[in-house]
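Subject: Structure for you to look at

Hello,

Here is the structure I promised to hand over. Please open it beside this email and follow along.

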Amino acid sequence: MKPWFPEGRVRHASLRTEGPKFASSRRSVGIQASLRFISWRCERNFERFNMCLCPEEFAFRRLKLSHPYASAFATSPWLPLPLFLIYRLIAAFYFLSWLIYSGFSDGNYWFIFLSNWVLTFVTAYFLLAMFITTHYCCGSGVEDDPAGYGPRRFKSETYIVGLSSEDENETEDEGTSYATKEDDEDGLSWPQKVLWVLFDIGSVTSLVITIFYWSTLYPVKGGAIDGLNINEHILAAVFMLIEVVFSNIPIRLLHFFYPHAFSSIYVLFSVIYWGAGGKNKEGLNYIYQIIDYEKEPGRAIFMVFFLLIVTQTMVHLFLFILFRFRAWLISKLQ
């Protein structure tokens with residue numbers, strides 16, 4: 001005689017009555033698998049969170065001008081080396097011509113303006129970058145370059161191991177075969193170190209004075225927008241942003257010290273210049289109207305603090321994030 005309930009119900013009933021230990025074991029395996037999955041997700045999220053915080057960037061050694069790859073300061077991840085060299089050559093002589101013109105435009109008062117100081121550093125950066133790229137393009141350091149004078153030297157260096165902090169402990173199999181690590185931790189000579197300082201100062205301060213000029217100074221002062229204004233307060237920042245994106249130069253968080261030191265020197269100079277009775281081109285006792293130490297010292301101190309501490313720190317952080325995005329994008333596209 002057949003049972004009145006279906007076969008599946010029979011198995012289910014037998015499972016409940018005849019195999020409670022087996023059912024409990026299955027539930028235990030499922031719980032363990034869920035816990036392992038949750039643990040794996042937590043570890044992954046922690047790794048991503050830790051990568052975003054970049055705790056290794058706060059190590060003291062990051063303050064030093066040391067990097068294992070000198071080629072990072074002469075190459076581009078996107079452009080072939082000859083094209084990158086042409087770009088840097090054009091930029092160098094372009095800004096040099098405007099720097100010379102600014103000397104004639106401002107005359108004896110040239111040295112009192114922060115924009116002229118920044119333009120000097122931007123010009124010096126591109127001139128030195130042009131010479132370093134030329135030196136590398138013409139075969140310098142060939143003894144450390146397995147590619148030698150071969151055609152690969154004239155292609156874009158798609159990715160350099162060690163360019164981003166995540167890759168410093170990786171093997172040399174990644175990236176380009178000729179971007180090999182030097183025996184010493186620091187593979188830079190003094191021109192690359194000087195270039196790095198110029199880059200840190202020029203990239204941050206050019207963006208800061210662009211923000212400062214168009215948001216604060218120009219609405220108060222007004223005046224005609226001529227070529228010198230455009231180059232000092234727009235194009236200098238644009239070209240430095242291009243360098244951040246199109247070059248292989250790394251950015252370190254602790255290198256905020258260099259632009260801060262530069263700006264602090266200028267602030268000290270402006271105080272000494274005012275204290276010594278210096279005047280601007282209009283014969284007034286300040287360099288910039290919104291930084292008047294004599295009539296409005298409170299506003300002057302606030303503006304100096306805001307520009308030096310807040311704005312400059314935020315700009316440097318923005319450039320660091322842009323660098324990390326560039327390194328991540330290159331690693332995905334290599």
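Below is what was found in it, starting with how to read the values.

This is a predicted model, in which local features need pLDDT of at least 70 and side-chain atom pairs count only at pLDDT 80 or more, while totals for chains, interfaces and linings use all residues. Residues are numbered from 1 along each chain as its sequence is written, and side-chain values use heavy atoms, with hydrogens and water left out.

**The overall fold**

The chain has eight helices and zero strands. Helices (H or I, at least four residues) and strands (E, at least two) are DSSP runs, numbered from the N terminus. Along the sequence the pattern reads α-α-α-α-α-α-α-α. Of the 334 residues in the chain, 42% are buried. Buried means under 20% relative accessible area, exposed means over 50%, and partly exposed is in between (1.4 Å probe, protein chains only). Now take contacts, meaning heavy atoms within 4.5 Å. Among those between residues at least 6 apart in sequence, 78% join residues at least 24 apart.

**Helix 5 and its partners**

Start with helix 5 (residues 190-221) and helix 8 (residues 297-333). Their axes come within 9 Å and cross at roughly 125°. Axes are lines fitted to C-alpha atoms, for helices over the stretch in contact, and angles run from 0 to 180 degrees between N-to-C directions. That angle makes helix 5 oblique to helix 8. Here is the scale: under 35 degrees is roughly parallel, over 145 roughly antiparallel, 65 to 115 roughly perpendicular, and the rest oblique. Helix 5 passes helix 8 in a right-handed crossing. A crossing is left-handed if the near helix is turned anticlockwise from the far one by less than a right angle, and right-handed if clockwise. Residues in this contact include Leu-207 and Phe-212 of helix 5, and Met-303 and His-316 of helix 8. By class, the contact has nine nonpolar, six polar and no charged residues. Ala, Val, Leu, Ile, Met, Phe, Trp, Tyr, Cys and Pro count as nonpolar, Asp, Glu, Lys and Arg as charged, and the others, Gly among them, as polar.

Next comes helix 6 (residues 227-246). The axes of helix 5 and helix 6 come within 8 Å and cross at roughly 135°. Helix 5 is therefore oblique to helix 6. This crossing is left-handed. Among the residues that meet are Tyr-213 and Trp-214 in helix 5, and Glu-232 and Met-240 in helix 6. The contact divides into 11 nonpolar, six polar and two charged residues.

**Two buried residues**

Phe-95 lies in helix 3 (residues 81-106). Phe-95 is buried, with a relative accessible area of 0%. Leaving aside neighbours within four places in sequence, its contacts include Leu-119, Phe-126, Asn-231 and Phe-239. Phe-95 and Asn-231 are 136 residues apart along the chain, yet their C-alpha atoms are separated by 8.2 Å.

Arg-252 is in the loop between helix 6 and helix 7 (257-275). Arg-252 is buried too, with a relative accessible area of 3%. Its C-alpha atom is 9.0 Å from that of Asp-200, 52 residues apart along the chain.

**Cysteines**

How many disulfides does the structure hold? Zero, where a disulfide is a pair of cysteine sulfur atoms within 2.5 Å. For Cys-137, the nearest cysteine sulfur is that of Cys-138, 5.5 Å away. Cys-137 is buried, at 12% relative accessible area. Cys-138 is exposed, at 57%.

Best wishes
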